[in-house]
Every structure is written in C-alpha cells, then in structure tokens.
Amino acid sequence: MTSASLSLSRDDRPILIAALFILVILVAGTVYTFARFGSAPLLSPTYLLQQLQIGAFLGIVAAGMMVVILIAQIDLSVPWTLAAAAMMATSIGGPLAIPVGLGIGLLVGLVNGIGVAYLRVPSMIFTLGVNAVMRGLMVAHTGGYAPQTAATDLMRSLAADRTLGIPNALFVWAVVSVLVAVMLQRTALGRYIYAIGNKEAAAYLAGVDTRRVTVICFVICGVAAALAGVLLAGYSTKAYQGMGDAYLLPSIAAVVIGGTNILGGRGRYLGTLIGVVLIVLLNSVLSIMDMPEAGRQVIYGLVIIFMLLVYGRGERVTS
Amino acid sequence: MRQRRLALGPSMLDDVAIRVRQNVGIVTAVLLFCVLYVLYNLAHPKGFSSAVLVQNGDEIFALAMLAMAQTVPVLASGLDLSVGAVMTMVGCFASYLLTGTAGGAPLHLDIFGLHLSLGTFPGGISGILLGIVVCLAIGALAGLINGCVVVYGRIQPIIATLATGAVYIGIALFLRPTPGGKIDEDLNWALTNSLGDFAATVHIFDDGAASWFAPVAWIPVPFVLLVLIALLVWVPFRRSVLGRAVYAVGSAEGAAYMSGLPIDRAKIAAFTLAGFFAGCGGLFLAIQTSSGNADIPQAGAYTLNSIASVVIGGTSLLGGTGSAIGSIFGAMILRVISFFFRIFDIAPLLQPLFEGLILLAAVSIGALGVLRVRNTLELFR
Amino acid sequence: MPGAVVTQGAFLELSGISKRYAGVRALEGVDFACERGKIHAVLGENGAGKSTLIKIIAGVVQPDAGSMRLAGSDVSFATPSAANAAGVVCIFQELSLMPDLSVADNVSIASPPRRFGLIDARAQRRRAEQLLAEIGCEDVNPLMRVRDLPLSRRQIVEIAKALGKKPQLLILDEATSALTSADVEKVYAMLARLKSEGVAILYISHRMHEVEALADRASVFRNGRHIETFDKGRRSTAEIVQLMIGRDIATQYPPKPARTSVKPMLALDNLSWEGRLDRISLRVGAGEIVGLGGLDGQGQKSLLLALFGVLRGISGRVTVEDREVRPGSPAVAKSAGIALVPEDRKTEGLMLPMSISDNLVVASLDAISTGPLVDRAKESEAVKRAIARLQIKIGAASDAVSTLSGGNQQKVVLAKWLMTEPRIILLNDPTRGIDVGTKQELYRLMRELADQGAAILFYSTDYDELIGCCDRVAIMYDGRIVRELEGDELTETNIIASALNIDAAAPAGTGAVHA
C-alpha cells in the first residue's frame, strides 16, 4: 500500500506542483491587473480560451517532443519541420495542403529516426543537421523572402475558427492529446517506448524491435510539429521564416516541467499538458505586465530552475 | 621471451598503435582539417598569405573557444546549452568595460526606474587589463553558477543550462537592448591582426621591427591566443587530478564515486571552465566587432555549432572520451567549410542547405562504423 | 554486549550494527570481528545482509546504530575514500572501474603519482605494471582502455587497483566470479602472500569450494543477523548450507531423468562467426539440458548471442524443429521460440527503474493485447501467474524491479521469457552472484521446463553446476566444441581436461592452424 502510493507520488508530484504553480500565476497576475487596471482578464473565460488557443500550437509540438524525450532522445529539427510544413502547405494550397504539410513532418521524422536508430548518430547532433537542411531547403525555396502564399480556408478554419464558442485549435489539441496519452498508457508501443527509455539494451534483448520503435517516435514528433506548423499558418493566414523558432525550447521546457525525465523512461502525458498550460499562462501574464524581453528571459529561466528544484529530482549515484 | 617483448620495440609500437586507436576521432579531425585547409588556400587567390590567415583566425577564434567550452561538460557527460548565452553576455559586459575611454568610463545602472551610479571604471591600459580580467571572471562565474545548479540543485545539465542560458541572455538583453557600446581601437587592432601588428600596437620588440621577430611576425594573434589558452589552461587541466576526475565522472559516475573521486567538484570545475572558455569567446567577439550585441539567434547558433564541433572533433556525447584539442579542430573544420562557400561563389541562399548537408554527411560517415559492428549489443553501450 | 564475539587481537570489530533501508531491515544488531593474517569468509544468501555489512565497513553507507573499531580505536567512515585512508579497501562485485580510462589511470585513480602538481603518466604506468606483475598478469598493457578488456581482465585490474591502496583490511565481494580458473590461482597466491604479510581479508563468495580452499574462518549471515562464526573444518558443506538457508536441503540438484533418444529441437551445423566461433555443430533435444563448458571466453557467450540474433555475419545453419531459422535480431529469435537469459541482468535483462509487472510483460505484450491495446485484465492475470510460478518474493507488482534482491531479479528475467512460452531457452551464466537457495530453485525450474519439452542450452562458469544439472555438456575451446561429455563421463576431471584441451591441442594441431 505504502509502496503503491510512493510510486504514484514519484510521477504525480511534479504534476501537482505544476498545477499549483499555475494557480499561483493566475492569482499573482490577477492581483497585478486588479491593482493596476482594476480588471481581472486572467479570470475571464474568453481571455483564457484565447490564450489556450495560442497554446494549442505549443501543446501539439510538446506532445510529439515528449514521445521522443521518453526514449531518451531529443528532436532539435522541430523549428524548421514546423516552418517547412507550413510553407509547403500554403504553397501547394487546395485540398492537398494539409496532407502535404503533414507528409513533410512524416518524411523529416523518418529521416531523423533512420539516422538515430540505424546509423546511431546521437539525436542531439543528427536532428540539428536535419534542422539546418530543412532551413536551407526553405531558404532556397522562398529565395529568403517571406512566402507570398496564403493558408487554405480549411487551415484557417481549423486554427482560427470556433465551434460552440470553443476554438477549433483546442479540439485538434485534444484529439492529439488523447491519441498520445492512449498510445503511451495503453498500447504495446507505449510500453516499448518506456522500456527503451529506461534501458535500450534490455528492451532489445527482450525481443523489442527498438530501431523501429525509435523511428516511429521520431515520425510522431515530426508529424506533430508539422501539424502545429499547418495550424499556425492557418492562424496567421500565412507561413513565415523562422515561425518555428519560438517552439523548440518552450516545448522541451513544457515536457520537463511536466515531470518527464529528460533522460527518458519516465513521465506522464498529463504532466506535459500541465507544463504547456503553465508556460502559456506565464507568457500571457508577462505580456500583460509589459515585461521587456530581457526580464522575460530571466523569469523564464528562473521558473524552470525553480520548478525542477521543487521537484527535487535526480537521484545520487551512491549505491 | 615475454620479458624482452615488454622492454623492446614491439611494445613501443603496441603503445603507439593503442594510442592511435584510442584517439582515432581526433586524428581524423586533424587530418581532415589539414586537407580542407590546404585545398582552401590552394583555391584562394591570396592563399597561404598572412592576410588570409589573419582573417580566418578572427573568424575561427570565438567558435573554437565555444567548442572547447562545450567539450569539458560533455566529457563529464553533461551538455552545456548556455555557452552561447555566456558568450553573448560577456560580450555585452565587455562593450562597457573595454571602451578604453581616457580617464575612465562612468558606469550606471537603470533598473525599475531607478538610476544608480556605480562609479567610474578605470581607463587606460590598466583599465583594459582589469576589464579583461573582469569579463573572464564573469564568464567563469556564470559557469560556476551552472555547475552549482547542476550539482546542488540536482537538475539534469541539459535542462539546467537551458534555463540559466535564458537568464544570461536576459542579462545580456538588459545590458544591450540594441547593439552598441564600443571597444578600445588599439585593443581591437592588436588582437585581431598579426603578431607584427600586435607588437607595433603595444610597442614591444622595436614596434615589431626587431629582426629576430620577423620570422614569426606573420602569425595571426588569434591563433597564438588559441594555442596559449590550449597549452596553459586545457593541457594542465587535463593532466590534473580534477581534470581526470571529469573524464572519470563521464565514463562511469558510480565507479568514480566508489573510487573516492571528488565528483561534485569535478562537475563544478567542468562547468566553470566551460564558462571561462565561453567568456574568452565572448570577449574576443566583442573586441573583434567593437560592440556588444545581445543577439539571441547568434547565441543559439554558436551553442549548436559548438556541439557539432565537439562531435566532429571526436568527443563522445556520452562522455568520458575525447579532448578539447579535437574540438578546436572540429570548429575549424566547420568554419573552413563556410570559407569554401566564399571561394566557390556558392549562392548565399544555398549556403545553409550545404552546411546542413555537410554536417549530416560528416556525422553519418562517422557513424558508418556501426555497420561494421558484429555484436549488436555493443551499439547500446 | 551480550553475544558479542570478542576475539583476541581483533583488527576490525563491529558491535550492535543495524541498518534499515526505507523501513526494511538489512542488518540487525550485528557483532562481528576479524583478525590480521586471516582470510575470513562471509557467507549467506542474497539479502542476508552481507552486502550491507561490507558497504558499512567500506564507508559506502552509514549504519543506523552500532559502533565500529579498527585496530582498537573507534572509527566511522563517511565515504569510501575515508575508509581507504584508514587502510580498509573493498573490491566490489559491481566493478568500480571507469571504462573509458586506461588501466594505468584506473589503478592509480584516487592518488596518482604527481610531478609539479600534475599527474605523472610515466610513473603511473610503471606503478600499474608493478601491481599487475604482483598478481602475475603482466599481459595487460596499462595503456589499454578498460572498456577494451574482457570482463575477466577487468576484474584483475580491479584487484590491482585495490592492491595499490596498500590495504590493511581487504574485502573481496564476489571478486573472482568472472575470473578464468588460471587467474583464480594467481589471485589465491596473491591472497596467501597478503595474509602472510598480516593483512586481514574478508572474502565473500557463493562458490563453496572457493571458500573451503581459502578461508581460515567463516561467518554465516541470515536475514540480517550474524548466525555463527567458526574455524575452518569445523562445519561440513552441508551444515554450512543449512545454516545459510535455515532449513534442511536433501539434494542440491534435481534428479536427472533416464536418457532416451530424443528428436533434436535445436540443431546447429557449422556455425561460425568472426573467428570467435569455429564450425560449431550441436544438437539439443526437446527435454534436454545441454551445458556449455570450458574456460571463460572460449566462445560460449558468443554462441548464445549468435543463436539469439545479436551477432551479425554468422555463417552456418540453425534449425529449430526441422525448420531453418536465420536469427537476424532478438525479435526474430523470439518469434522462433528462442529465449535468452543474458549475462548481465542489471543492464541487459531488466529495466531496473521500471515496475516488476512492466518488466515481466515486456517480451510478451503481443500475447496480451487486443489490437493495439494492452488488455489490462490479461496483463495482471499473466503477471500474477508468473510471480506464483517462480515464487518471486515481491511486495507489490508495481514496485520497481530494482528493489528486489539479485536472485529475485534473475527470476523476473526468467519469468519474463517463460511468458513467451519458449521452445528453446538459452541461459548465460544465470546463477552468477545468486544465493544458494535461489540457485536450487532455478535448477529445479530448469529441469521442470525440460520435462515440459523445452530444449535448454546452459552456459555456466561453475563446473559443479554443469555436472549436477546437465544431461550433456559440450566443452568449448577457442571457438570450437572439442568434446561432448555425457552420463558417467561427466566428471570434473574430464571437464577440466577437455577445457584445457589437453588431448586435442597437441603441438601438431596448433602448428597446423598457423601453417
């Protein structure tokens, strides 16, 4: 009984703490706005929904990133996978826009996966190279200028419209979340992912096709980034250079703040979800406060360190 | 029989063979650089001239320093994602402290609407020397903080430095919201040209005209600095007990603890040294560009290129094997590749693509060894 | 101090030592003493508290209660290096070497010879050569990286490293488990010399014959308590084993059934790999336990890995029940009905931080899934069955597998494979570092599996085990099977003779290879 509750708390503690911290942000932000403007936008459902709509793009990227981090890898090619998917989707246009965009993600994920799983290049460096290649391809494709093509109606509708007052982007995020959560919790693939993250050699010797699972994880991450790119293009009505740059580090931060071990093998999807919400809310409070970029960076860094200090993770190696 | 074998030639040859086998990554990087650089100079209209060397030295130095910086934590199997940020922050400090303004530069701090005067930073040559020391100390301090967060906060290095990197970039942005500041012109001239120019600027060796000095006067100062830092900082560190503890921690942390090694001190030292090297890079970059610039994309690019340099230089990202010397060559290989774009007049638009492809090709060729592995279990260690 | 063993001139004395881990008792009121110039064996099953005892003496963990006296004065070691400084040196079962550092670096890691404050590489190398020579293993080049040495050589380096610390009290925790028999002799000689120099030696081993050959005195531990200390020859092996497990044991090995001619389940023809395996032909029948014997490193492990699809570039034929199989990966081997209990359970057999349940089902998820989804009811049913069948002692199936003792961990590895219902079971030294009680359970289980029709190929470094368990033993030498022993031929003398290839490796034969 005690051991069961202990093992529960190991994974749930960070999630609880992060959720509490979200409350702290909400309260502190509200106190600030109330004192300064006499209003409480952070408590209005409309404002929150709007913030979450923007957060959906980060949430989808983070979902993919989490899968890769769980197998003790990382995907640094997310920024330009996202941008490339957006650019190709807008330039193809028509009904094929979204499938082509997602196809780009699939292709990049496949290349990443093959490089990491079959050539065994550290993902840190291989995905970095792939990111540079994708950037190069897009710069060559657009001639270095902002792409002139526009998002299709479907893309715009998925990203910017609302159904029953709720932004469609949130529905997409919800579908992605359910898929990833079920995959991690309930399928054999999910078990293999955790097994590989804990000890790849042992998983391999248990007859798990670890290379195939690794490729699948990178494909999931690539497709998630591409989906976020397609939606982001729909939201901003067009694709633009560097549109993915703002998603790499926050997605990693969201996954880690959500309690996933950066060394793989441990973490729950709910945590990632909470991590994303935390970062999104932190960003909105900082913009309400008119915080200059310098202050934002500092606060951003301190929050990550603070959260991880509170989680008190990382065991010593003494016996 | 065996006794004799131990004492005589074959054993010496064995030793050499063992050393080469253990350092095959570094040897490859050195050879590759030599080939590329000779080719580059052959193709360059003014190849093998001091001017080309000086220009290359200036372009290589900062990345080479960051590559060294990245190597030390990597050896202890931790990644430092803040090296670019530390470089940028130190550069911004330098743009205040190395102005060389006669009579000193007034320093003040504007924060939360307050205007605080911090007194006057000394001018003249002593002021510049002090400024350099302060800048390097700031770099080392940033590294020390990284080390403490990792060791005492027990946070994974990659995440800890991601976070501290954001803080350092924030400080840099606070110091220089827009690019600006200035660096003493003499300092700029002395450090970014040949040894002859250096001597002329600081008035030594008959202003560089001494006859014995002539044979070395063509050597670019950045190369000399690079060699000096490698020889005076890295080599002693590697051969110190603490330096070896860094390798030991990266190789097997548990075993290192069991062997009574100072694990915590080794990790902190690794990050501090990384901060120092990154500070050297930032200082030089500021001197070279005569300004401070809190350029976030540039900081990110330097960090990522430092990782690429480390890998190309034959250091394992898993820790325990490799050397900062190899990383210097890794950085130089990366830079020489971009020099080629200038020579062969490749459309600037295609450069990022080629850079990416070459990086991928390099690491993939290096990884082709996995196809030769006969026992697939060895892939997982 | 009631019940304390007060020994005249004790060098190390522990009294009333207790230690708990997360509420679980590891040691309870232990009094213990050992003397200079004596080899003192510490015996007990896994989980008996031996490891904790050693860790306390060596400064790896601190006791909750009790006191420790060394050479007459009170001591307490906060770290292993504090213990080393007092002359207490331990050679741990889990190697304490840094694989990427050279042998010379490792040997002098804690206090290297220095010049001008920096490590003197030459002096360090000479020191390593000297220490290796003291053990009689000059063949190890101190420049080699430990990673590139075979396990048996690494253990030699480990011993050299300990010797270099000039121990007053030397603790060997299963330090010879990976050594070849030739090296074991050298280590014995070294221990005898240290003993004559007045060093106190604590010796932990699960190999009874080693203990009998070496120890002057032995202490038995059980369930965290010190049971008895006696001098050499005062207790028979059977009595000692009984003290250790606290109950009577009738026979150590389950009886072997009468030999009948069986259809081969697994057949190898001319299997070769990279010069390490040389034209191996072998048949293993259903219901048969076939042992792989010989000196360490003659290709036995490679053979098991080759059959399990881990090795690339194999030539020859492998047939399972008359169907040719090309084991290209463990996944393929698994689907052909092959299972492997690997050499190192901690890095190859288990995902240590994951739960017992997750570890158990990881190889057989296909069988308990409907479509892509894992059927949770089937899963917990299967886990329950496996735990019951192997009598794995656990708290809850959701506990991390790392919380189990070594023997129970090994049971989890085996249980994981039994859930795939394998036809062929490959065992790579499965009883290494496992206590007597669990060993016997494993022997019984092996026989039970064979009786149910499995073909078992069993590699062990323990000849006794091979003789006791196997229907037939294939002796390997230099990548070849030099002899198969069966029935009455299966004796220790025959195994050793074949292992050294005494009759086959005539000079003419060796010459022919090089010609």
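This is a predicted model: local features need pLDDT of at least 70, side-chain atom pairs count only at pLDDT 80 or more; totals for chains, interfaces and linings use all residues.
**Two helix pairs**

Two packed helices are described by the angle between their axes and the distance between the axes.

| Helix pair | Angle between axes | Distance between axes | Crossing |
|---|---|---|---|
| α2(A) and α11(A) | about 65° | 8 Å | right-handed |

The chain A pair brings together α2(A), residues 45–70, and α11(A). With an angle of about 65°, α2(A) is roughly perpendicular to α11(A). From α2(A) come L58(A), V61(A), A62(A), M65(A), M66(A) and I69(A). They meet P250(A), S251(A), I252(A), A254(A) and V255(A) of α11(A). The contact between these helices has 10 nonpolar residues, 1 polar residue and no charged residue.

**Chain A as a whole**

Stepping back, chain A has 13 helices and 2 strands. Its radius of gyration is 20 Å, close to the 20 Å from the globule rule for 319 residues, so chain A is as compact as a globular protein of that length. The C-alpha trace of chain A extends over about 55 × 50 × 40 Å along its principal axes. Of the 319 residues in chain A, 54% are buried. Taking the contacts in chain A between residues at least 6 apart in sequence, 77% link residues at least 24 apart.

**Where chain A meets chain B**

This contact draws 44 residues from chain A and 45 residues from chain B. On the chain A side, α5 (123–142), α9 (200–205), α11 (248–257) and α13 (293–311) each contribute at least two residues. The largest share belongs to α5(A), with 13 residues. By class, the side of chain A that touches chain B comprises 29 nonpolar, 10 polar and 5 charged residues.

**Where chain C meets chain B**

Here the contact involves 29 residues from chain C and 28 residues from chain B. The elements of chain C that give two or more residues to its side are α2 (80–85) and β8. Of these, α2(C) gives the most, with 3 residues. The side of chain C that touches chain B is made up of 17 nonpolar, 6 polar and 6 charged residues.

**An enclosed helix in chain B**

How many of the 11 residues of helix α12 of chain B are buried? The count is 9, so α12(B), residues 241–251, is largely enclosed by the rest of the structure. Among the buried residues are R244(B), V246(B), Y247(B) and V249(B). Within chain B, the buried residues of α12(B) pack against α4 (50–75), α11 (221–239), α13 (253–258) and α14 (263–289). Their surroundings also reach into chain C, where they pack against α3 (103–107) and β8 (118–119).

How values were computed: Residues are numbered from 1 along each chain as its sequence is written. Chains are lettered from A and ligands numbered from 1 in the order in which they are written. Helices (H or I, at least four residues) and strands (E, at least two) are DSSP runs, numbered from the N terminus. The radius of gyration is taken over C-alpha atoms; the globule rule is 2.2 Å times the number of residues to the power 0.38. A residue is buried if 20 or more other C-beta atoms lie within 10 Å of its own, exposed if 12 or fewer, and partly exposed in between; C-beta atoms are placed from the backbone. Two residues are in contact if their C-beta atoms, placed from the backbone, lie within 7 Å. Ala, Val, Leu, Ile, Met, Phe, Trp, Tyr, Cys and Pro count as nonpolar, Asp, Glu, Lys and Arg as charged, and the others, Gly among them, as polar. Axes are lines fitted to C-alpha atoms, for helices over the stretch in contact, and angles run from 0 to 180 degrees between N-to-C directions. Angles under 35 degrees count as roughly parallel, over 145 as roughly antiparallel, 65 to 115 as roughly perpendicular and the rest as oblique. A crossing is left-handed if the near helix is turned anticlockwise from the far one by less than a right angle, and right-handed if clockwise.
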